[in-house]
Each structure stands twice: as structure tokens, then as C-alpha cells.
Amino acid sequence: MRSATKRWARTTKWLALAAGALLFSPAAHAQISGTKTVCKSGCDYSSIGAAVSDLKSKGVNGKTTIEIATGVYNESVSIGSISGVSATNTVTFKGMGSVPTATRVHYSGGYVMELNNANYLTIDNLYLHQTSQGGANFALDVYNSKNSIVKNCYIWAPLGYYWGTTALRAGANTDVTYEKNYIRGGGYFIVDEGYSRGGNTRSIYKGNTITQGYYYSFYTNYNNGNLYTENYIDSFQQTYGYGIYNYGDMASKWTRNFFGDNGAYYGVGNVYVMANDVFEFTNNMVLVGSGAYCGIYLYPYAANANSKIYHNTFHANSSASYLVYIYNYYGGGVDFRNNNLTRSNAGTTLYYYGSNKNDRFEGNNYYRTGTGTLLYMDANYSTLAAYKSANAARNLGQTDQSMAVTYKGTRDLHVDQNSLTPYAKNIGVNTDYDNDARCKFFVTSGADESTYTGNPHYQKPSKP
């Protein structure tokens, strides 16, 4: 009897200990959710790194926000995998200042902030400031992450050129969005890097201001399905720069971006379209700077490479060699329709070497002041009539026009809504640069749609 009593006592004690262990198990009861705070004293954490360590060790069991008080934080922060995160159990690091610069996180060397295998994470309203140049110095490094957002941040690297110093580097990510950030400095503005780290899938760059880089604004390699929209890009530190350098991206889409008079040798940049790839460039405004070689350099790198260049405005106020330069050595498909190529001085609008039967050129407007070459399509044409006559058998450019366009300003490429504009046939691009609806039948060439009632065919089309 006493033996049975002892066994029962031991069993009861064991059950009590097990219950206590469960009661105080971090996995069961110490997971994080709700709002936590970071400040120098009196908050849940005294540093951003401490908050990250706590999240990593405990995980989350609900939507979690880490509010970071205004001030200066000298830290290098690596945010990795956090258990419990999901589409509903998201984690947000948010600067609490009225502007991003009020919450400054800075570091010299390496990364200021790293997202490595970080999913369902948001970085909001922070100033990430890399203060020194070096071979692998980043303000923000995003790698192998999914379903995350970086928004409303200042992301800065030092001015001047140093290989490997970058404001933002990203590689091997899926469904990561960068929205309304101010990105400045570095040898490169942004490296969307698929060459050595693996390409990104469905990255979105939306509404960012990108300025004061040294060499490239976007350096993109082997990404798939990326979208670049509503970004404002200008002001390189030196003259031999590229707005973008696109090599081997698959199904990338650039729409409603503004490339300013940035002093770059290639205003938009070099675009290499590889085999089976589709490069789409629609509703963009490109202000080609003084001394630039061209506004965009397009190189279809295979016979089955496809480029769709629709409803863009390319304009030069001063000397530039070409507005658009296409080198189609391999005979890829080029669909070039409803674009405005204008310049307020003498010079060539379009230079195209290697045109072929796969091309489609219609509804474009080519205009320049002065005499000389208007456009080159495997031969020089000084007038639009000469170009049309030479290419009538190919039905190439037969609806193209050559007329001056009145813009709102020397740097504002919206059309003056009280002036005549060139028109073209609707090709399914139903909104313009500002997301305004286009005319369903006779749309305006270029990025901005005109609603001027004095335009030809505006009220009474000559044909159904």
C-alpha cells in the first residue's frame, strides 16, 4: 500500500513539473504579438538588434509591430527567419518620426540592415544610412526573402564611386516590394542581382525617387517578372552613367517611370533582351540630357527575343546623338508603336540597325528642328515622306507622323492640353503616364494623353 502511495506521489509530482514546464514554455506562452517599442531607455528594447534577437528566439503568434523611437541608432541589423510569421502574422519595423530621417540607423562597413530569409516583413519610415565606402557596403541588403515590403524609407550610401558600395542590393527574393523610398548614392543606385546570388521573382519597385548614384540606377540580372513603375530617376554624379542596365531579365515590365535629364550617357540605359525574353517599356517619359549618346539602347540578343516599346515620350532640349538606338544584330522582334520622339534641336530621333520582317513600327511621331537625318532605318532619311516611300512594301511606318509637340515645360513632358498633338490608333494601352483613360479610338502618341477637343478626329473621326 505504501509502495502504491509513493508511486502515485511520484506520478503527481511529475505531472506537476510537466504542467509547470508547459506553463512557462517559451514556445507555448512567450511568443510575441502586438506592439513593442524601441528607444534608448524605458521601452521594451534599448536597441533594434535586441528586438530582432527576441523575435528570433521566441517567434510570433499574431500581427507584430516594433515601433522605433526617433533618434540615432549606430547598429548593423540582420533580420532573418522568424517562427510563426504568415500572411496574417506579419512583422513590421516602423520608425516613429514624422519623416524617415527622424529615425536614423547608420553603420560604417558591411550592411546597415539585412533581410536574410525574412518573410512577411515590413520596413517602414526608417533612414538606413551606410556611411563608408567598401567592397561590400550596403545600406540595405535583401536576400532570399519572400512577401516583404520596404516603404517610405531613406536608403543612402556615400557619394562617389567604389565597386560594391550600394544603397540597395537584392537577390533571390520572391514577391518583395520597394515603394515610395528615397534611394541615393553609391557606385550603383540599386543592384537587383541575379548574376551571383540568383534572380529575383516578381519584385516590384513603385513610386521611388532614385538619385545621385555614380554609375547605374538599376543594375538588373536574370530576374523574372519584375515590375518597375512610377519611379523618378535623375541626377547622376558623372556623365558616363546608365539609367538602367538590364541583362537577361525575363518578362520585365517598365511603365509610367520618369527618367530625368540626369547627365547619363545612356538616359534609360542598356537593355539586353535575351532568348525567349519579353521586355516591355510603356508609358515612360525620358528627358535625354545634353551630351547623352542616346535615351535608350536596345539590344535584342536572340532571334526569339521580343521587345514591346509602346506610348513613350523621348525628348531632348539640347545636344544628344540619338533619342532611341536599336541594335538588332540577331533579328529579334521589335514592336515599336505610338511613341513620341522629339527634339528641340537638329539631330537624329531614331537609329535602328538590323530591322527585319518581325518588326512593327506604327503610330510614332518623329520630330526635330533643323535639317539632316530625321531617322535611320538601315538607311538615312531626312524626311518622313522619304522613309515611308522606301518602306511602303514592308508596310512599315505608314501611319507615322512628324509634328512638333508642345510640352508643359522644359522638364515636364506632359503635353499642353490646348495644343495639337499627334494621334495614333489604340493598341490596347488604355491608360497613360498618369493613369488617365485614353481615347478608345484615336489615342495620343507618347506617354501623356491629350483631351484637347481641337485635335484631329477628336469629335468626328474621318472613318468608323
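The torsion about the S-S bond of Cys-39 and Cys-43 is about 110 degrees, so the disulfide between these two residues is right-handed. Their sulfur atoms are 2.0 Å apart, and the term disulfide is used here for a pair of cysteine sulfur atoms within 2.5 Å. In general terms, a disulfide is a covalent bond between the sulfur atoms of two cysteines. A search of the whole structure finds one disulfide. Cys-39 counts as buried at 11% relative accessibility, while Cys-43 is partly exposed, with a relative accessible area of 30%; buried means under 20% relative accessible area, exposed over 50%, and partly exposed in between, with a 1.4 Å probe and protein chains only. Cys-153, by contrast, is in no disulfide, and the nearest cysteine sulfur, that of Cys-43, is 19 Å away. Cys-153 is buried, with a relative accessible area of 1%, and Cys-294 is buried as well, at 0%.

The model is predicted, so that local features need pLDDT of at least 70 and side-chain atom pairs count only at pLDDT 80 or more, whereas totals for chains, interfaces and linings use all residues. Residues are numbered from 1 along each chain as its sequence is written, and side-chain values use heavy atoms, with hydrogens and water left out.

**The parallel sheet**

An open sheet is formed by 12 strands in the order β3-β6-β9-β12-β15-β18-β21-β24-β27-β30-β33-β36, and the pairing is parallel. Its edge strands are β3 (71-74) and β36 (365-368), each of which pairs on one side only. Helices (H or I, at least four residues) and strands (E, at least two) are DSSP runs numbered from the N terminus, and two strands pair if DSSP finds at least two bridges between them.

Strand β30 in turn pairs with β33 in the parallel sense over four bridges, and here Ala-316 stands opposite Arg-343 in β33. Arg-343 also stands opposite Arg-368 in β36, where β33 (residues 340-343) and β36 pair in the parallel sense over four bridges.

**Tyrosines on paired strands and on the surface**

Strand β28 (residues 294-300) is joined by three bridges to the parallel strand β31 (residues 324-327), and Tyr-297 stands opposite Tyr-325 in β31. Four bridges then join β31 to β34 (residues 350-353), again in parallel, and the bridge partner of Tyr-327 in β34 is Tyr-353. Tyr-353 also belongs, with Tyr-329 and Tyr-330, to a nonpolar patch on the surface that has about 330 Å² of accessible area together. Such patches are made of residues with over 30% relative accessible area and no salt bridge, like charges being joined within 9 Å and nonpolar side chains (Val, Leu, Ile, Met, Phe, Trp, Tyr) within 5 Å; the areas come from the Shrake-Rupley method with a 1.4 Å probe. Tyr-329 is found in the loop between β31 and β32 (333-337) and counts as exposed at 51% relative accessibility. Tyr-293, in the loop between β27 (285-288) and β28, is partly exposed, with a relative accessible area of 22%. Tyr-293 and Tyr-325 are 32 residues apart in sequence and 8.8 Å apart in space, C-alpha to C-alpha.

**Salt bridges**

A search of the whole structure finds seven salt bridges, a salt bridge being a side-chain nitrogen of Lys or Arg within 4 Å of a carboxyl oxygen of Asp or Glu. Among them are the following pairs.

| Pair | Closest N and O atoms |
|---|---|
| Lys-58 and Asp-54 | 3.2 Å apart |
| Arg-169 and Asp-141 | 2.9 Å apart |
| Asp-335 and Arg-337 | 2.8 Å apart |

Arg-169 lies in strand β13 and Asp-141 in strand β10 (residues 137-143), so the pair ties together parts that are 28 residues apart in sequence; both residues are buried. Lys-58 and Asp-54 both lie in helix α3 (residues 48-58), four residues apart, about one turn of the helix. Lys-58 is partly exposed, with a relative accessible area of 29%, whereas Asp-54 is buried at 16%. In the remaining row of the table, Asp-335 is buried, with a relative accessible area of 14%, and Arg-337 counts as buried at 11%.
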